[in-house]
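User: I'd like to go through this one and check what stands behind each label. Can you take me through it?

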Amino acid sequence: MGFLSNLFKNNKYKTINGNELIDLLTNNKNCIIIDVRTAQEFKSGHIEKAKNISVSDLRSKINSIIKYKHNDVVLYCASGARSKSAANFLYKEGFENIYNLKGGMSSYLNAKRK
């Protein structure tokens, strides 16, 4: 990687796609999945075993997940924008192994169809 790439590389969290998420979930049973969409979006369909904490509620509900700060934590939303914001917040709260699902729920669903 070049100097500029290293300079601007994001070390706060890892960005993964749907295929990488499926691999992670298959190989890591202690992985925590957090859906940061609204409760209504969550009810319309979500990744199995995901916890629903909307991005707007994350700050007030941090105590419910702080015990997972050393686990792999996957965040997702509809497109990846809200989960990116949530990933930055969790990084500031001391979470160490954060993954943001690029492309959100549709990335996961597309990978499952293969």
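User: Let's start with a cysteine: why does Cys77 count as buried?

Analyst: Cys77 has 0% relative accessibility. Buried means under 20% relative accessible area, exposed means over 50%, and partly exposed is in between (1.4 Å probe, protein chains only). At 0%, Cys77 therefore counts as buried. Before we go on: this is a predicted model, where local features need pLDDT of at least 70 and side-chain atom pairs count only at pLDDT 80 or more, while totals for chains, interfaces and linings use all residues. Residues are numbered from 1 along each chain as its sequence is written, and side-chain values use heavy atoms, with hydrogens and water left out.

User: What makes Val73 buried?

Analyst: Its relative accessible area is 1%, so Val73 falls under the buried cut-off. Val73 is found in strand S4 (residues 72-76); strands are DSSP E runs of at least two residues and helices are H or I runs of at least four, numbered from the N terminus. Leaving aside neighbours within four places in sequence, the contacts of Val73 include Ile32, Ile34, Leu90 and Phe95. Ile34 is 39 residues away in sequence, with 7.3 Å from C-alpha to C-alpha.

User: And Phe95, which is in a loop: buried or exposed?

Analyst: Phe95 is buried, because its relative accessible area is 3%. The loop in question runs between helix H4 (81-92) and strand S5 (97-101). With neighbours within four places set aside, Phe95 is in contact with Ile62, Ile65, Ile66, Tyr68, Lys69, Val73 and Leu90.

User: How do you know that Lys49 is exposed?

Analyst: Lys49 has a relative accessible area of 70%, and over 50% is the cut-off, so Lys49 is exposed. Lys49 sits in the loop between helix H3 (39-43) and strand S3 (51-52), and although not a glycine, Lys49 has a positive phi of about 70 degrees. Ser44 is found in the loop between H3 and S3 as well, and Ser44 is exposed at 62%.

User: Which residues lie nearest the centre of the largest pocket?

Analyst: Leu25, Asn28, Ile33, Glu48 and Lys49, out of 14 lining residues. A pocket is an open set of points on a 1 Å grid over the protein atoms alone, where a 1.4 Å probe fits, with protein on both sides within 12 Å along at least five of seven lines; lining residues have an atom within 4 Å of a point. This one holds about 340 Å³ of space. Helix H2 (18-27), strand S2 (32-35) and helix H5 (104-113) each give two or more residues to the lining, and H2 gives the most, three.

How values were computed: Grid points are joined across faces, edges and corners, and a volume is the space filled by probe spheres set on the points. Contact means heavy atoms within 4.5 Å.
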